[in-house]
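My notes follow the display.

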Amino acid sequence: MARITASVYSSHIPAVGAAFDLGKTHEPYWQKVFSGYDFSKQWENEQKPDVIFLVYNDHATAFSLSMIPTFAIMTGPEFMPADEGYGRRPVPPVIGHPELASHIASEVIQKDFDLTIVNEIDVDHGLTVPMTCMFGKVDAWPCKVIPFAVNVVQHPVPSGARCFALGQAIRAAIESYPEDLNVQVWGTGGMSHQLQGPRAGLINREWDNDFLDRLIDDPAGLSKMPNIDYVREAGSEGIELVMWLIARGAMADTRGGPKPKVAHRFYHVPASNTAVGHLILENA
Amino acid sequence: MSLDKEFKEIPGTIIFDAEQSRKGYWLNQFCMSLMKAANRERFKANERAYLDEWKMTEDQKQAVMARDLNAMMALGGNIYFLSKIGATDGKSFQQMAGSMTGMSEEAYRDMMINGGRSIEGNRRIGEHGDAQRPNKDK
Ligand SMILES: [Fe+2]
């Protein structure tokens, strides 16, 4: 049977992707960011996941205002890195897992999570930047990826509680898939940042670290935090952090299993306008 | 259920909700069109003529031509869409975000390196932080 072995949480800042692509990783400003992923690259080398279920959001790239799905699962075979106005990132295409993705869609839709199903889409920095952080420079990504997009652009966006419950349903779906697969679930975006208006540049270090503590120790309690708190305390774009609760909901302890082990934790300010947060939790 | 009114009580912040989205629909869709190189060329060659192809209000067109991001936000723009204008102009996200604060590019960059803007006094309208806009439409 397929197993979820770990969950990974990471910011997905576009400037981090640009710094990597332009060979700036050793500049002091960027070195401080990338150093937080040194452990993670080594760890992924040892973990050798077969599939990553990758929760991210599209930033007015593939979805414009003409279509705004709240939750979208990508069941197609291949996804190209998007041209976000600066040309496509020089990273490999993302290879999907149509069979597992369709199985998950079928299972969770029948548990009343009404997903949108997408077969053709280009994936933006929300997905490709965490891949770069975790795997570095590669000719081909070492595993398959099921992209899963959440609307965090137009309010109301889904609540933390809904995301957490969805994560639990996704876990049950993955674990009922008959093939023996090592699956990781990733949550991306955040941490505190605001990209608009006179409050742009907001960073809330204390809140971010409290979020990480609670994500580790009390995810069910954290999931009850209303969306207004994210926006007020972590900035208008800090609302992306609700997506981390999908990945956290997929861990074994949310259904009576043992607490996960914290394999790695990293926090740094700034990368461009944003606080960088990164966490790896392993199922025991 | 309408959105919690507390979303409107955060200083220096415009929440992109269904109302803003309706107001800014064509402004944002115009921005999306700039993802294509050929459209960027046509826009740069004659901004006014290109904007006139879209069902935008005159205020929205003027705000685009003035590159006034705060005005574009107030008129229904969303920052992820508006950033396509910045990309067309060769501006980074940090330059765009900074331009909305009234700070110089250098001062904004230094603020970020020093840990970013503090939350203190910037949670609710009427507090005394550096992001308060006393004349915000109440
Ligand atoms: Fe994002």
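I began at Pro156(A), which lies in the loop between strand E7 (144-150) and helix H6 (160-175) of chain A; helices (H or I, at least four residues) and strands (E, at least two) are DSSP runs numbered from the N terminus. A cis peptide bond with omega of about 0° joins His155(A) to Pro156(A). I worked from a predicted model, in which local features need pLDDT of at least 70 and side-chain atom pairs count only at pLDDT 80 or more, while totals for chains, interfaces and linings use all residues. Residues are numbered from 1 along each chain as its sequence is written, chains are lettered from A and ligands numbered from 1 in the order written, and side-chain values use heavy atoms, without hydrogens and water.

I noted a cis peptide bond between Gly190(A) and Met191(A), with omega about -5°. Met191(A) sits in the loop between strand E8 (182-188) and helix H7 (205-217) of chain A.

I then looked up Ala60(A), whose phi is positive, near 50°. Ala60(A) is buried, at 2% relative accessible area (buried means under 20%, exposed over 50%, partly exposed in between; 1.4 Å probe, protein chains only).

For the interface, I recorded 39 residues from chain A and 50 residues from chain B in contact (heavy atoms within 4.5 Å). I found two salt bridges between chain A and chain B (a side-chain nitrogen of Lys or Arg within 4 Å of a carboxyl oxygen of Asp or Glu). One of them pairs Arg232(A) with Glu6(B) at 2.5 Å, N to O.
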